[in-house]
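Have the sequence and the 3D view open beside them.

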Amino acid sequence: MNRRAKIFNLPNLITGSRFLLSGFLMVLLLLEQTPRTALIAFWVFVVAAGSDWIDGYFARRYKRVTVLGKLMDPLADKVLVTTALVMLIPTGRVPAWLALIILCREIVVTGLRGVASSAGIVVAASGLGKVKSIIQYIGLGTLIFPLGVLPIPYLHQIGLAILYVALVVTVWSGFDYFYGLRRVFLEDER
């Protein structure tokens, strides 16, 4: 298989689509939030979040794991979560401080992974990190979903409560990454 075919494989294309869907989600959340617009934004978010699982499945199943995919997949996830968090702040559905803590954790873990990578250590997503992503996706999806479409009272309050759980798991998984990589930071440079 040539180099171009390895880079432009199905899992990497699915990952790349998550960046595009994040941009589309941003535009939709900038628009006036009619039930129709919010429902479209919800489904764009669901498809983008679902693509996180699909690209990994295809990469492992068909042995199409690439260095580009290992780099871009977690970044695409972070771009999607960042887009939803930031765009929901002006609507009052997400407190800015909560978004800031989650985003800071993502930046710190990305930095930790970069330092580990420079030391020749590949850091795969932990089980706790995957749980964190799922809870974030559920909370954000609930917050994006339009009120009044389903007869669920306090829908956005439920979404915010889920996001608070995600915050705890997010911080916890950040400490877990740091603890797991402590040997990288505690070793003397040679």
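Below are my entries, in the order I looked things up.

**Entry 1: ground rules**

I am working from a predicted model, where local features need pLDDT of at least 70, side-chain atom pairs count only at pLDDT 80 or more, and totals for chains, interfaces and linings use all residues. Residues are numbered from 1 along each chain as its sequence is written, and side-chain values use heavy atoms, with hydrogens and water left out.

I began with charge pairs. A salt bridge here is a side-chain nitrogen of Lys or Arg within 4 Å of a carboxyl oxygen of Asp or Glu. How many salt bridges does the structure hold? I found 7 salt bridges.

I then followed Arg18. Its side chain meets that of Asp52 in a salt bridge of 3.8 Å, N to O. This pair links distant parts of the chain, with Arg18 in helix α2 and Asp52 in helix α3, 34 residues apart. For the helix names, I note that helices (H or I, at least four residues) and strands (E, at least two) are DSSP runs, numbered from the N terminus.

Next I looked up Asp55, which forms a salt bridge with Arg18, the closest N and O atoms being 3.1 Å apart. Here too distant parts of the chain are linked: Arg18 sits in helix α2 and Asp55 in helix α3, 37 residues apart.

Asp73 also meets Arg18 in a salt bridge, at 2.5 Å, N to O. Asp73 is in helix α4 and Arg18 in helix α2, so this pair, 55 residues apart, links distant parts of the chain by the DSSP numbering of helices. Salt bridges that share partners join Arg18, Asp52, Asp55, Asp73 and Asp77 into one network.

Arg18 is buried because its relative accessible area is 0%. Asp55 counts as buried at 3%, and Asp52 is buried at 16%.

**Entry 2: the largest pocket**

Then I turned to open space. Rolling a probe the size of a water molecule over the atoms shows where empty space is left. On a 1 Å grid over the protein atoms alone, a pocket is an open set of points where a 1.4 Å probe fits, with protein on both sides within 12 Å along at least five of seven lines; lining residues have an atom within 4 Å of a point.

The largest pocket holds about 1300 Å³ of space, a volume being the space filled by probe spheres set on the grid points, which are joined across faces, edges and corners. I listed 43 lining residues, and Lys70, Asp73, Pro74, Arg113 and Ala125 lie nearest the centre.

Which helix gives the largest share of the lining? It is α4, with 10 residues. Helices α2 (10-30), α3 (35-61), α4 (67-88), α5 (96-118) and α6 each supply at least two residues of the lining.

By class, I noted 19 nonpolar, 11 polar and 13 charged residues in the lining. In this scheme Ala, Val, Leu, Ile, Met, Phe, Trp, Tyr, Cys and Pro count as nonpolar, Asp, Glu, Lys and Arg as charged, and the others, Gly among them, as polar.

**Entry 3: a surface patch**

I also checked for nonpolar side chains on the surface. Val149, Leu150, Ile152, Tyr154 and Ile158 form a nonpolar patch with about 460 Å² of accessible area together. Patches are made of residues with over 30% relative accessible area and no salt bridge; like charges are joined within 9 Å and nonpolar side chains (Val, Leu, Ile, Met, Phe, Trp, Tyr) within 5 Å. Accessible areas come from the Shrake-Rupley method with a 1.4 Å probe, and for residues only the protein chains shown count as cover.

Leu150 is in the loop between α6 (127-144) and α7 (155-180), and is partly exposed at 42%. Tyr154 lies in the loop between α6 and α7 and is exposed at 62%. I flagged its phi, near 60 degrees, as a positive value in a residue other than glycine.

**Entry 4: Tyr62 and Pro11**

Last, I looked up Tyr62, which is found in the loop between α3 and α4 and is partly exposed at 45%. Pro11 is in helix α2 and counts as buried at 5%. The C-alpha atoms of Pro11 and Tyr62 are separated by 9.5 Å, though the two are 51 residues apart along the chain.

Technical notes
Buried means under 20% relative accessible area, exposed over 50%, partly exposed in between (1.4 Å probe, protein chains only).
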